[in-house]
Each structure stands twice: as structure tokens, then as C-alpha cells.
Amino acid sequence: MNTATARPYQAWDLPTRLFHWINFLCVLTLSFLGLVMLNKGAIGISGTEASIGLKTVHVLVGYVFATNLLVRIAWGFIGGGYSRWSKLLPGKGFKQEIADFKASAKSGQPQTFIGHNPKGRVSVMFMLLLLMVMMVTGMVRAGTDIYYPPLGRMFASQVAAEGVSPSAIMPYDKTGTDADKLAKLQTFKEPFGEVHVYTAYVLWLMILVHLVAVIRVELAGHGTLISAMFSGKKYLPREPSDG
């Protein structure tokens with residue numbers, strides 16, 4: 001796209017851009033660690049210490065991921081411009097907005113937007129929902145697998161044998177635990193692990209769809225979406241519909 005003939009618009013503020021890239025790096029790192037944990041036997045990683053080490057690193061990166069996500073959720077209420085939820089959440093007349101956007105795309109001159117276009121808003125909201133599911137299920141597994149905060153002490157107290165302090169319960173170690181209570185915890189946590197893994201697969205599918213859509217817009221010359229996530233400025237060839 002020739003930015004010399006396009007007009008620049010301030011699209012994304014610094015907190016929103018930081019969230020985007022921190023989130024991407026966290027998801028990339030967490031996914032890599034997750035794949036290693038799922039396939040540790042096939043790649044020659046064995047032993048309780050190795051399992052605990054991998055899980056611990058995964059959880060620590062998960063804290064950064066969760067903090068970043070919670071800050072973004074809060075920023076949607078207190079931030080400005082196109083970072084606000086009012087610019088993302090579908091509201092009254094959204095069905096017509098979708099119809100107008102589709103019609104403009106068929107005409108060969110699709111509407112341009114400083115923020116997200118209507119389809120992009122649906123995609124972003126769905127990805128944010130997936131991220132929140134990942135955060136919640138991850139926190140549950142962090143608490144049930146290696147007894148890490150914020151839920152670890154609660155789960156440790158649930159499986160501790162009578163008279164045993166929750167702080168004495170160690171990951172992957174049945175010492176000091178009640179066998180029946182530990183079995184119930186194992187049954188409880190399994191669905192959270194499955195949801196966590198399959199949500200990650202869906203998230204990566206959405207990330208790929210997002211990347212393809214962004215590249216298509218760039219190549220078609222309908223706006224500079226990629227550079228906007230670095231500079232905050234989006235260059236548009238036509239007057240934006242959300243200006």
C-alpha cells in the first residue's frame with residue numbers, strides 16, 4: 001500500500017499494542033511448553049523432576065499471560081479510543097453493520113476502519129473469550145497439578161490427610177495425602193486439562209485465520225494493519241466508517 005496517498009489515523013494506543021505483543025509471545029511460549037509436556041516421552045524427557053520443572057515454567061509464563069490479559073480487560077473500561085469495549089462489543093445495529101461491510105466488500109471498495117471492521121470485532125471477541133478460558137483452566141491446573149497460587153493451597157488442603165498441613169503437600173507426591181480425596185481431585189481436574197488443550201488448538205486456528213485476513217487486507221491496499229500494531233497509526237486509502 002502506498003502510504004503517501006493514504007491518510008494516517010491514530011488507531012491503537014500503547015497499552016493495547018503492548019498487550020497484543022506480550023500476549024502473542026506468551027501464547028507462543030506456552031504453546032511450545034505445552035507441546036513439550038504432551039510429548040515429553042517421545043522426545044526423551046522423563047522423571048518427576050523434569051515434569052515438575054516443565055510445569056513450573058509453564059505456570060510462571062502463565063502468570064505473565066494472565067496478568068497481561070486482566071490488564072487488557074480493565075483497559076477496555078478505562079482506556080480511550082479504539083481500545084474500549086464499546087468499540088469491540090457488538091451493539092445495536094451490529095447486524096446491519098455486518099451487512100453493509102459485506103456489501104462494500106462485494107463492490108470492490110470495502111469499508112475501511114480505524115479500529116476493527118465488523119467481522120474483525122467478532123473474531124477478536126472470540127479470541128479474547130478463548131484466552132479467558134485458557135486463563136481459568138490454566139489456573140485450575142496450576143493449583144491441582146503443582147499446588148501453585150491462586151488456588152493451590154485450597155486444593156492442597158482438600159487432599160491433605162487429617163492432621164497434615166497443606167504446605168506439606170508436594171507436587172506428584174502422594175505423601176501426606178488422603179488416597180480417596182486425591183482420586184477425587186484427579187477426576188475433577190481432568191476436564192479442565194482437556195478444555196485447556198483443545199482451546200489452545202482452536203486459538204491457534206483463529207490466530208492463523210487472523211493472520212491470513214490481515215495479510216489479505218494489506219496486499220489489497222485497504223489499510224496498514226500490521227504496522228499499526230507497532231506504531232499505533234493506521235494508514236487508510238478512504239474515509240473510515242468509524243471515524
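Reply: What follows is a set of questions and answers about labels and the values behind them.

Reply: The model is predicted, with local features needing pLDDT of at least 70, side-chain atom pairs counting only at pLDDT 80 or more, and totals for chains, interfaces and linings using all residues. Residues are numbered from 1 along each chain as its sequence is written, and side-chain values use heavy atoms, with hydrogens and water left out.

Me: Why is Thr112 called buried?

Reply: Buried means under 20% relative accessible area, exposed means over 50%, and partly exposed lies in between, with a 1.4 Å probe and protein chains only. Thr112 has 3% relative accessibility, and therefore it counts as buried.

Me: Where is Thr112, and what does it touch?

Reply: Helices (H or I, at least four residues) and strands (E, at least two) are DSSP runs, numbered from the N terminus, and Thr112 sits in the loop between α3 (94–106) and α4 (118–145). Contact means heavy atoms within 4.5 Å; not counting residues up to four places away in sequence, Thr112 touches His222, Leu236, Pro237, Arg238, Glu239, Pro240, Ser241 and Asp242.

Me: What makes the approach of the side chain of Thr112 to the backbone oxygen of Arg238 a polar contact?

Reply: A polar contact is a pair of N or O atoms within 3.5 Å; within protein, one must be able to donate a hydrogen and the other to accept it, and residues adjacent in sequence count only if both atoms are side-chain atoms. The side chain of Thr112 reaches the backbone oxygen of Arg238 at 3.1 Å, so the distance falls within the 3.5 Å limit.

Me: How do you know that the span of α4 is close to the expected one?

Reply: The expected span of a helix is 1.5 Å times one less than its number of residues. With 28 residues, α4 reaches 40 Å from its first C-alpha to its last, close to the 40 Å expected. For α1 (14–38), which has 25 residues, the reach is 36 Å, close to the 36 Å expected.

Me: What makes α4 mostly covered?

Reply: In α4, 20 of its 28 residues are buried. Just after this helix, Tyr147 takes a positive phi of about 55°, although Tyr147 is not a glycine. Tyr147 lies in the loop between α4 and α5 (152–159), and because its relative accessible area is 15%, Tyr147 is buried.

Me: Why is Tyr172 called partly exposed?

Reply: Tyr172 has 47% relative accessibility, and so it counts as partly exposed. Tyr172 is placed in the loop between α5 and α6, and its phi is near 55°, a positive value in a residue other than glycine.

Me: Why is Leu18 called partly exposed?

Reply: Leu18 has a relative accessible area of 45%, and therefore it is partly exposed. Leu18 lies in helix α1, whose buried residues include Phe19, Val27 and Leu30 and pack against β1 (7–10), α2, α4, α6 and α7.

Me: What makes a group of residues a nonpolar core, and which residues touch the most other members of the largest one?

Reply: A nonpolar core is a set of buried Ala, Val, Leu, Ile, Met, Phe, Trp, Tyr and Cys residues joined through side-chain atoms within 4.5 Å. The largest has 23 residues, of which Val27, Phe65, Leu69, Leu128, Leu131 and Leu203 touch the most other members. At least two residues of this core come from each of α1, α2 (48–78), α4 and α6 (179–220), and α4 gives the most, with eight residues. A second, separate core of nine residues includes Val140, Phe155, Ala156 and Ile169.

Me: Which peptide bond is called cis, and what is its omega?

Reply: The cis peptide bond joins Pro149 and Pro150, with omega about 5°. Pro150 is found in the loop between α4 and α5.
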